[in-house]
Amino acid sequence: MSNLVISNKVSEVAKRDIIDLNARINAFNSGETPEESFRKFRLTRGVYGQRQPGVQMIRIKLPYGRITADQLVRIADTSDKFATGNLHATTRQDIQLHFVKLSDSPQLWADLEDAGITLKEACGNTIRNVTASAVAGIDPEEPFDVTPITHSIFTYFLRNPINQDMGRKFKIAVSSSEKDSALAFIHDVGLIAKLGKNAQGETVKGFKVLIGGGLGAQPFSAQTAFEFLEEQDVIPFIEALLRVFDRHGERTRRHKARMKFLLNDLGLEGMMEKIAEERTAVKNKVYPIPTDLFGTNEAEAINHAPRPSVTEEAVLESARQSGIEDIETFTKWLQTNTFEQKQKGWYAVQLRVLLGDIHSDTARALAEVVRQYAADDIRVTVNQGYLLRFVKGEDLVAIYKELDALGLARPGFDSTMDITTCPGTDTCNLAISSSYGITRVLEDVMKDEFPEMLYNQDIKIKISGCMNGCGQHNASNIGFHGSSIKNGKLVLPALQVLLGGGFSGDGIGLIGDKVIKVPTKRGPEALRTLFNDYETNAFDGEYFNQYYNRQTKNYFFQLLKPIADLSTLQEDDYRDWDHDELFKTEIGVGECASVMVDLVATTITEGQEKLNLAKENYESGVWADAIYHAYNVLITGAKGLLMTKDVNTNTQYGIINDFETHFGKEFSYETPEQFTLADKAETPFRSLVFSINKFEPTEEFATYYINTADQFLNFVRTTRGAQLMENGEVVLQELSFGKDS
């Protein structure tokens, strides 16, 4: 977009990000920036390539899913202006817009930032959206509100140098109670609120801390790092963990680059030892969490003071008097989509949204409903719905009428009938089969044949279009992911069936077992078979996962095996749901991949950009961030020179060792006595790089470290220039090497 308009309400740092994105798009379009380098750049700005060529998916980063009515309207208006008018809620409490032109993305971002909404680090190899229990702050079972710490984690790590260029993405979730409604057990870091004792014996806020969880082709349940960690110690711990992951994590083999694999390699004890080694260098040794994030004033506190509770009978009588004809459906909605908050007399209203999609007109109308009946604090939920807070009991009938007129009063929120799903082949490059199509069909099957599933909160069904798990199929009692089956020369769409994931009867998070693969068109038959078998053979009061574990995986394999029989295939089995054409696998390049920039000049330019950031932070007195940016200068510059030797770079630790082998004797510098490491066996470059976690982040150390990083980058430029001169390959573009202008 040529005439970029950015309002004065946008912060200077966000404005610079938007202008930078616009400039990079122009450089990419003119051929100045290589495709891989540009892809890596745009992903960390929330711009994600779709399955369809020439258009992008824009991921809007909404920490813990919180948006105001005005922000919802702004997202809806933005979708109308730049996308399709659809708002897609995700399992990470984001909202995504699809079919956006690349050239429109800077203005789209500027329009959202004007409303306090960011795209920064919504995709790419950084910390993704920090999720939390949507009921945080109103949960009757919570020991305290986890909204403040979740928001603090978001703000602390946004644009933080330690997580700008990791080997893979990093996900954090915060649960308000031991029910773990944020699914902490499948995250790189999962926090579960609890109260405990500090060193003085006082009762304080804290968390059970889980690390190393993840889904995908090789799912892992997280391991317990702390049974209790005081709240003020949580962010410093995450910072230290990220520093370890950044330095030691895999960077070449994408399928091994998540934190769960590093934890598996090091072991929990080894990981905790390395985290402890970072303690000296972290920016804050403790980080107290503020409680008043949004300037809550006294009037609002009075407005949310306790009120008289209402009975179901009273609400139903009010519904009859108000003229609601379908009392049966209203009753179902009241029982499954509302609950009384921990604030006596106030009620939460949950919106079940098919496929997570609502139209922009519906979103704007929903904002008006919120303004009239609820607090200005909407939460997108992990099951792709919405939650409204602080609704008066006497307004439940009125808000139902408004929501029903919008198609947002479908009963059964978060029940078995409320399936979680990713977009699948509708937009995603990696998807193998349609997620939306099978989701619609299975929900219809339950509505028509198993209506009691509307009230079932035990069995959760989740669907992904591929094994990567955006629909969180591994973490559900009954999960499906898109796949394919070869039958002779033909290929048909299939569903991999997973069972036993999600939560056990005693609240332990479990990863589901892959049981069998069935043709996609037989998905409804597979679901019927599972439900009927469970209803017939389960003990009274036995949870589904308890039943699965008692019967064992092989029992269910044999149960579903006839459905997987390919000898009885019909022509329609070779067509996916929502498709008339014969199925064929068309998998694109995954946008979440860790992209290695393969041009030396581009890499050195990145080093200069990081040096500029180091100097900016230094001038602002943010010593820890300045030092870490300088550390990244050293890693990036070393990687650039190793490329000239065709050395495959992997972990940052490996880059350092490989640089010593090939260039270690060529780079020298002076080290002040106070920053000389005790280990005399360390070679100069290793000693410089690894001093990052040996000293406090003071002004003196920052001065030394940045100046030396500047010297090193000049050494890299000089060495590369000599190589080009020797080879007779002097190119104007490479001679400049992205020097600071």
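**Exercise 1. Which strands does helix α14 lie across, and at about what angle does helix α14 run to β18?**

Before the solution, a note on the model: this is a predicted model, in which local features need pLDDT of at least 70 and side-chain atom pairs count only at pLDDT 80 or more, while totals for chains, interfaces and linings use all residues. Residues are numbered from 1 along each chain as its sequence is written, and side-chain values use heavy atoms, with hydrogens and water left out.

*Step 1.* Begin with the sheet, whose elements are DSSP runs numbered from the N terminus (helices are H or I with at least four residues, strands are E with at least two). The five strands form an open sheet in the order β16-β17-β18-β19-β22, with mixed pairing, where two strands pair if DSSP finds at least two bridges between them. Because β16 (420-421) and β22 (513-519) each have a single partner strand, they stand at the edges, and one side of each is left without a neighbour in the sheet.

*Step 2.* Look inside the sheet, where β17 (residues 461-464) and β18 (residues 478-487) run parallel and are joined by four bridges; Lys 462 stands opposite Gly 479 in β18.

*Step 3.* Now place the helix: α14 (residues 523-537) lies across β17, β18, β19 (490-499) and β22, and runs at about 135° to β18. Axes here are lines fitted to C-alpha atoms, for helices over the stretch in contact, and angles run from 0 to 180 degrees between N-to-C directions.

**Exercise 2. Describe how α3 packs with α11, and how α10 packs with α12.**

*Step 1.* Two packed helices are described by the angle between their axes and the distance between the axes. For α3 (residues 69-82) and α11 (residues 360-373) the angle is about 170° and the axes are 9 Å apart, so α3 is roughly antiparallel to α11. Angles under 35 degrees count as roughly parallel, over 145 as roughly antiparallel, 65 to 115 as roughly perpendicular and the rest as oblique.

*Step 2.* The contact (heavy atoms within 4.5 Å) involves residues including Leu 72 and Val 73 of α3 and Leu 366 and Val 370 of α11. Its residues divide into eight nonpolar, one polar and five charged; Ala, Val, Leu, Ile, Met, Phe, Trp, Tyr, Cys and Pro count as nonpolar, Asp, Glu, Lys and Arg as charged, and the others, Gly among them, as polar.

*Step 3.* For α10 (residues 327-337) and α12 (residues 396-405), the angle is about 110° and the axes are 12 Å apart; these two helices are therefore roughly perpendicular to each other. Among the residues making this contact are Phe 330 and Trp 333 of α10 and Tyr 400 of α12, and by class the contact has eight nonpolar, one polar and no charged residues.

**Exercise 3. How many of the residues of helix α5 are buried, and what do the buried residues pack against?**

*Step 1.* Ten of the eleven residues of α5 (residues 147-157) are buried, so this helix is largely enclosed by the rest of the structure. Buried means under 20% relative accessible area, exposed over 50%, and partly exposed in between (1.4 Å probe, protein chains only).

*Step 2.* The buried residues, among them Ile 153 and Phe 154, pack against β6 (131-132), β7 (172-175), β8 (189-197), β9 (203-211), α6 (234-248) and β14 (378-380).

*Step 3.* After α5 comes Arg 159, whose phi is positive, near 65°.
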